[in-house]
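Student: Could you walk me through this structure in plain words? I would like to ask things as we go.

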Amino acid sequence: EAGLWLLQSSRGGPWENLYAFTLEPQHRVDYELASHYTSTHPSSPFTQTLTAQQSAPEVRRILRGREYSEDRGSEIATRTLADDDELLDVLAVKFGLRFPAGTRFRTSAGPG
């Protein structure tokens with residue numbers, strides 16, 4: 001509508017609008033500024049807790065802190081990861097992210 005494109009998602013029900021965008025050219029500074037804010041500002045949710053997301057044709061994987069979920073459209077399976085070792089295992093197996101043994105992440109705001 002009016003030059004806007006919508007990214008939508010259907011999770012087994014009606015389509016939901018996620019965000020709108022235009023096809024106007026973007027400049028590198030536009031991405032750099034947004035990326036800098038989300039990765040450094042104290043109130044950004046991305047500096048408050050560990051976050052990983054991955055979208056594939058059949059599943060969307062989401063890790064926030066120790067909460068891991070797989071959204072398959074018609075169902076969402078969620079579980080709490082037990083410890084740091086299981087967290088590293090999920091990052092490796094589900095997201096293809098490998099870290100040295102003993103790596104620890106702050107999984108929520110506060111010391112850690």
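**Surface and overall layout**

Tutor: The chain exposes about 8,200 Å², and carbon and sulfur atoms supply 55% of that area; accessible areas come from the Shrake-Rupley method with a 1.4 Å probe, and for residues only the protein chains shown count as cover. Please keep in mind that this is a predicted model, in which local features need pLDDT of at least 70 and side-chain atom pairs count only at pLDDT 80 or more, while totals for chains, interfaces and linings use all residues. Residues are numbered from 1 along each chain as its sequence is written, and side-chain values use heavy atoms, with hydrogens and water left out.

Student: OK, how many helices and strands does the chain come to?

Tutor: The chain has three helices and six strands, where helices (H or I, at least four residues) and strands (E, at least two) are DSSP runs, numbered from the N terminus. Read from the N terminus on, the order of the elements is β-β-α-α-β-β-β-β-α.

Student: And is the chain a compact globule or more spread out?

Tutor: It is more spread out than a compact globule, because its radius of gyration is 17 Å, well over the 13 Å that the globule rule gives for 112 residues. That radius is taken over C-alpha atoms, and the globule rule is 2.2 Å times the number of residues to the power 0.38. Along the principal axes, the C-alpha atoms fill a box of roughly 50 × 35 × 25 Å.

Student: What percentage of the residues count as buried?

Tutor: Of the 112 residues, 22% count as buried, where buried means under 20% relative accessible area, exposed over 50%, and partly exposed in between (1.4 Å probe, protein chains only).

Student: Which residues make up the largest nonpolar core?

Tutor: The largest nonpolar core has nine residues, namely Leu50, Ala52, Leu63, Tyr68, Leu81, Leu87, Val90, Leu91 and Phe95. Helix 3 (residues 84-95) gives the largest share of this core, four residues. By a nonpolar core I mean a set of buried Ala, Val, Leu, Ile, Met, Phe, Trp, Tyr and Cys residues joined through side-chain atoms within 4.5 Å.

Student: Tell me more about helix 3, then. What covers its buried residues?

Tutor: The buried residues of helix 3 are Leu87, Leu88, Val90, Leu91, Ala92 and Phe95, and their cover includes strand 3 (51-55), strand 4, strand 5 and strand 6 (76-80). Leaving out residues up to four places away in sequence, Leu87 touches Leu50, Leu63, Gly65, Arg66, Leu81, Phe105 and Thr107, where a contact means heavy atoms within 4.5 Å.

Student: What about the segment after helix 3?

Tutor: Gly96 lies in that segment, and Gly96 counts as exposed because its relative accessible area is 53%. The C-alpha atoms of Gly96 and Thr107, eleven residues apart along the chain, are separated by 19 Å.

Student: Switching topic: how many salt bridges does a search of the whole structure find?

Tutor: The search finds eight, a salt bridge being a side-chain nitrogen of Lys or Arg within 4 Å of a carboxyl oxygen of Asp or Glu. As background, side chains of opposite charge can pair when their charged atoms come close.

Student: Which residue does Arg28 pair with?

Tutor: Arg28 forms a salt bridge with Glu32, with the closest N and O atoms 2.5 Å apart. Both residues lie in helix 1 (residues 28-40), four residues apart, which is about one turn of the helix. Arg28 counts as exposed, at 66% relative accessibility, whereas Glu32 counts as partly exposed, at 40%.

Student: Which pair links distant parts of the chain?

Tutor: One of them is Arg66 with Asp84, a salt bridge whose closest N and O atoms are 2.5 Å apart. Arg66 is in the loop between strand 4 (60-64) and strand 5, and Asp84 is in helix 3, 18 residues apart. Another such link is Glu70 with Lys94, where the closest N and O atoms are 3.3 Å apart; Glu70 is in strand 5 and Lys94 in helix 3, 24 residues apart.

Student: Are Glu70 and Lys94 buried or partly exposed? Which network are they linked in?

Tutor: Glu70 is buried, with a relative accessible area of 12%, while Lys94 is partly exposed, with 29%. Arg61, Glu70, Arg72 and Lys94 are linked in a network of salt bridges.
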